[in-house]
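Welcome, and thanks for taking a look at this one with us. Below is a short tour of how the parts of the model meet, grouped by topic.

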Amino acid sequence: MSELTIDKVTLAFGGLTVLNDISFSVEAGELLALIGPNGAGKTTVFNCISGIYRPSGAIRFRDRDIVGLKPYEVAGLGIARTFQHGELYGRMSVLDNLLTARHLRIRTNVIGEILRLPSTRSEERRHRDVANQALHFVELERYRDTPVADLPYGVQKLVGFARAIAAEPNVLLLDEPSAGLTREEREDFAHYILKIRDQLNIGMIWIEHDMQMVADLADRIHVLDYGKSLADGRPEDVLRDPEVIRAYLGTQAGP
Amino acid sequence: MSDQVHPTQLSTVMLQPASRSARTIFVSALLAVAIIIFPFFATPFHLDVANQILLASIGALSLMLLTGFAGQISLGHAGLIAAGAFTAGILSKEAGAPFWIGIPAAGATGGLLGLIFGLPSLRLRGVYLAVSTLALHFIVVYAGGEYENLVGGSGGILIPPPSLWGLKINTGKAWYVLLVAGAILAFLVTWNVVRSRTGRAFAAVHGRETVAAALGINVARTKLTAFVISSSMTAIAGALFAYYRGFVSIEAFSLYLSIQYIAMIIIGGIGTLPGAFLGALFVTLLPYLIETVVAHLPGAQAMAGSIFAVNYAAFGLVMIVFLVFEPSGLVGLWRRLERRLLIGRQSP
């Protein structure tokens, strides 16, 4: 059974159809690249999965339809995401940023927190350990107590990545993790993406514009164009598909 | 070079960021000593000012939690202080309720009001939310006024001095001890919230709500929690104020009071707990400072009538100066000075 299934999803704002009958799915431990030209609706798909938009059709996590759930409820099922622009909390330390992703797992209540009960402290410590492991995973331990705003952009994007991992998700949505990164930072990212797939067995949907990276890393590619599914399959087939090439490069000008 | 450490080198070492926690301990110890010896030297007037600062600190800490950490702007702070003061006053007058009932009752009233007036925050943001919290202010002020009319005239309510464990709290010194304890308690409550799961959720909601929700944070619940904790603390500060003055009248709780509290957290430094104390100190002392300055100006007699106007103007000016030149407040100023000092020492 697939971890996450997008089943005939359609979304319209007024008369404008943004997503038109999209269907695809991702398995556990699979890296699915979601590609398409600008405005194809890739991030919109993520927003539908996250519960920000409410499309028609079904989005199933395992066998449960999650359309209509609130964003925090979707997150509660173990569907984590990263954002195009990181969206971290600049004044908080790296570790505290990671801990925000463990909100649902931390079992403390306000009264216990105000009194700083021993049970609250041990629970905090336990989750700090998990967050530290996520930091270790992306080798950022040295920045643990640094406010995120003081870090360079490339490191910040990695922190966003670590935050998503810290949630111990079942499915991970990556929204252009490599945008704005240097060549070396991209290579680092590629390394960590593969490490997640191979070590954590998480299903990943990965929005990416760097076709070289997609060709090298993705297990499967799903192509969107103007809100429609254009192609789905192995990288070597999809990237050679004339339809896909046309969508990206446009048709040749007339004679 | 000899093995001896050069004096300037030593001071550089002492000011290095690595020893930051050691420095914090040093500053806290110094502060503790100052707080302990203060009442032995203070005049009754100084004690009264100190007590006002301590009361303001509790109110500022609770607003800091709501606005500085959870990012919810409120103009209803004076209304909540009034609600706490009236809860204590009415319970004392109508039922002869003692201090240890009046304080938690005020906290409960504040919490309930916070829950109700936090509801608009689920739909409204920023200035719009601030305006909706104004309703809280006017409703409480109206209710308080009606009560005063009911009991006759607009004289307000007299409250006998509280007693704790058989000790009457009726001197400036006794109040000082009680309020220092209260301020420390308020600090511990806010600090414990800020550094835990709830506090991180506050910061997340303050940042970007959609992102907070995608992280699994229930935004609505988080906002209401912030309103309830903050309002409850605010009302307790109001009740303390009522007991301290021994008298409650609705006139004491104008909109200007709400603005003063907002000024405290801005001037002190939004999103910092020491900022609440520094802001309370600054805003409470400012009128006394202005009075002193004006008294030394030539033609002081002629200006005596307009001292309030001068106060308002100076207050507004200070707020604008901070917003423009030091948005991170006194705490930011302090950190910057500290850093400059460090750099100055390192390069002789």
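Buried area is the accessible area, taken with a 1.4 Å probe, that two parts lose on being put together, summed over both. With that in hand, keep in mind that this is a predicted model. Chain B and chain A bury about 2400 Å² between them, and 59% of that area is on carbon and sulfur atoms.

**Where the chains meet**

- On the chain B side 26 residues are in contact, and they touch 25 residues of chain A.
- Arg197(B), Arg200(B) and Leu215(B) are the trio to look at here: they supply 32% of the area that chain B buries against chain A, more than any other three residues.
- Between the two chains, 12 residue pairs are in polar contact, counting pairs with both residues at pLDDT 80 or more.
- Four helices of chain B, namely α7 (172–194), α8 (197–207), α9 (209–214) and α10 (219–245), each supply at least two residues of the side that touches chain A.
- Of the elements on that side of chain B, α8(B) gives the largest share, with 7 residues.
- Sorted by class, the side of chain B that touches chain A holds 13 nonpolar, 9 polar and 4 charged residues.

**Salt bridges**

- Side chains of opposite charge can pair when their charged atoms come close.
- Over all chains the structure holds 22 salt bridges, and the rule finds 2 across the interface of chain B and chain A.
- Glu87(A) and Arg208(B) are joined by a salt bridge between their side chains, at 2.9 Å from N to O.
- Within chain A, the side chains of Arg220(A) and Glu30(A) form a salt bridge with an N to O distance of 2.7 Å.
- Arg220(A) sits in strand β9 (residues 220–225) of chain A and Glu30(A) in the loop between β2 (16–26) and β3 (31–35) of chain A, so this pair ties together parts that are 190 residues apart in sequence.

**A helix pair in chain B**

- Helix α4 (residues 77–95) of chain B packs with helix α11 (residues 255–268) of chain B at an angle of about 115 degrees, and their axes are 7 Å apart.
- Angles of 65 to 115 degrees count as roughly perpendicular, and α4(B) and α11(B) are therefore roughly perpendicular to each other.
- From α4(B), His77(B), Ala78(B) and Ile81(B) meet Leu257(B), Ser258(B) and Tyr261(B) of α11(B).
- By class, this contact of α4(B) with α11(B) has 4 nonpolar and 2 polar residues, and no charged residues.

Note on methods
Residues numbered from 1 in each chain as written. Chains lettered and ligands numbered in written order. Predicted model: local features only at pLDDT ≥ 70, side-chain atom pairs only at ≥ 80, totals over all residues. Heavy atoms only, no water. Contact = heavy atoms within 4.5 Å. Salt bridge = Lys/Arg side-chain N within 4 Å of Asp/Glu carboxyl O. Polar contact = N/O pair within 3.5 Å; in protein donor to acceptor, adjacent residues only side chain to side chain. Nonpolar A, V, L, I, M, F, W, Y, C, P; charged D, E, K, R; others polar. Axes fitted to C-alpha atoms, helices over the stretch in contact; angles between N-to-C directions. Parallel < 35°, antiparallel > 145°, perpendicular 65-115°, else oblique.
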